[in-house]
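This briefing covers a single protein chain. The sequence and structure come first, followed by notes grouped by topic.

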Amino acid sequence: MAEMGSKGVTAGKIASNVQKKLTRAQEKVLQKLGKADETKDEQFEQCVQNFNKQLTEGTRLQKDLRTYLASVKAMHEASKKLNECLQEVYEPDWPGRDEASKIAENNDLLWMDYHQKLVDQALLTMDTYLGQFPDIKSRIAKRGRKLVDYDSARHHYESLQTAKKKDEAKIAKAEEELIKAQKVFEEMNVDLQEELPSLWNSRVGFYVNTFQSIAGLEENFHKEMSKLNQNLNDVLISLEKQHGSNTFTVKAQPRKKTKLFSRLRRKKNSDNVPAKGNKSPSPPPDGSPAATPEIRVNHEPEPAGAATAGATLPKSPSQSSLPAVVVETFSATVNGTVESGSGAGRLDLPPGFMFKVQAQHDYTATDTDELQLKAGDVVLVIPFQNPEEQDEGWLMGVKESDWNQHKELEKCRGVFPENFTERVQ
């Protein structure tokens, strides 16, 4: 009997809930159709909007904080592997091996401590902060349902009162249900009216505390890490002093393509070789593609570091047998007609000027078309007239001091390794 009674109660409760859902659905339809008025509370609706905004912002902050922690973890692993690599290459007889090992151990502990403190002081606080939103969100939804119940009971009561044939018993029962629905709604409404503004205002203090904690932890972490890095630097300086004769030197990337000016020399020489039986080549007719100024090359040896091979342009325009594309390239540069680059048209900079670099290391030229550099030299970078002439890792330019003194591109320009310089403008 008890079991049947229990089932009866359960079935009755289910039926009651189903009826409530149907009544609410009907009430909402009537309200949307404008056939029933809806109780409005603009102040509460604004609180709900603030709540949803606060929840969205907090969820995003939690996600980004977890991403930050994942990045810290990844950096920890990368730093650990880097230190392990140093330990592997550090020979047993090198000075400072034990110190380097201890520094690596402290480095690992510092990363672990930083990550754990971020979890304790930021992530867990973040989780606690967001933990209160699901319950409040559920209560807001429930309040909405109780408001519909209240409106439905109110409309039912009003319809019975305005009916032509009044049933006092039904009116009394409807009034009782209305009072009950109103009481339930107002109790929930009052609580939320107090909690939502308080929750909204609390976000300021939470954001301040969270980001202050992160900033403070990060500042302390970098201070301690800086000390470890300084200690490691001291160890490595000691190692360098003992093995100073084997200091690593910066090297230029090898040039694979034919040297720019050397190729032009070979081209000119091959074009000027007389045909068999002829004493000298016949000059091309005026107006032909080859009727361009001759580039005369000085084949006498020059000191190392010469910027060019001494190319000069004679006044006669009819003595050259160089291809038109080559001569056009050089004449465009010499006459200052290069239009590319940010320096076009500027009198204080070479034609085609793109940017400046400063030499960080000395470079000894190994060919006549290369620039000789000293650390501190400023070079004005210009484009290669023929991109195919450019080797990977090499730039074309003229030293600023040479340009300011001579203002002659052909006498001063040359190629140089990019990795020996650093861009300054």
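Over which residues does pLDDT stay under 50? In this predicted model, pLDDT (the predictor's confidence in each residue, from 0 to 100) stays under 50 over residues 265–345. For that stretch the model has 128 contacts beyond four places in sequence, a contact being heavy atoms within 4.5 Å. The mean pLDDT of the protein is 79, and 70% of its residues reach 70 or more.

**Basis of the values**

- Residues are numbered from 1 along each chain as its sequence is written, and side-chain values use heavy atoms, with hydrogens and water left out.
- As this is a predicted model, local features need pLDDT of at least 70 and side-chain atom pairs count only at pLDDT 80 or more, while totals for chains, interfaces and linings use all residues.

**Overall composition**

- The protein has nine helices and five strands; helices (H or I, at least four residues) and strands (E, at least two) are DSSP runs, numbered from the N terminus.
- Along the sequence, the pattern is α-α-α-α-α-α-α-β-β-β-α-α-β-β.
- Of the 425 residues, 34% are buried, where buried means under 20% relative accessible area, exposed over 50%, and partly exposed in between (1.4 Å probe, protein chains only).
- Among contacts between residues at least 6 apart in sequence, 72% join residues at least 24 apart.

- Helix 3 (residues 97–131) has 35 residues and reaches 50 Å from its first C-alpha to its last.
- That span is close to the 51 Å expected at 1.5 Å a residue, the expected span being 1.5 Å times one less than the number of residues.
- A kink of about 35° in helix 3 is centred on V119; the bend at a residue is the angle between axes fitted to the seven residues ending there and the seven starting there.
- L123 also lies in helix 3 and is buried, with a relative accessible area of 9%.
- Not counting residues up to four places away in sequence, L123 touches L65, R66, L69 and L118.
- L123 and T210 are 87 residues apart in sequence, and their C-alpha atoms are 8.7 Å apart in space.

**Helix 5 and A174**

- A174 is in helix 5 (residues 168–242) and counts as buried at 3% relative accessibility.
- Leaving aside residues up to four places away in sequence, A174 touches H156, Y157 and L160.

- Five strands form an open sheet in the order 4-3-2-1-5, with antiparallel pairing; two strands pair if DSSP finds at least two bridges between them.
- Strand 4 (414–417) and strand 5 (421–423) stand at the edges with a single partner strand each, so one side of each is left without a neighbour in the sheet.
- Neighbouring strands of this sheet are turned by 50° against each other on average, direction ignored, with axes fitted as lines to C-alpha atoms.
- Strand 1 (residues 355–359) pairs with strand 2 in the antiparallel sense over four bridges, and Q358 stands opposite V378 in strand 2.
- Strand 2 (residues 378–382) is mostly covered, with four of its five residues buried.
- Strand 2 and strand 3 run antiparallel and are joined by four bridges; V379 stands opposite K399 in strand 3.
- Strand 3 (residues 394–399) and strand 4 are paired antiparallel over four bridges, with V415 in strand 4 as the bridge partner of M396.

Notes:
Axes fitted to C-alpha atoms, helices over the stretch in contact; angles between N-to-C directions.
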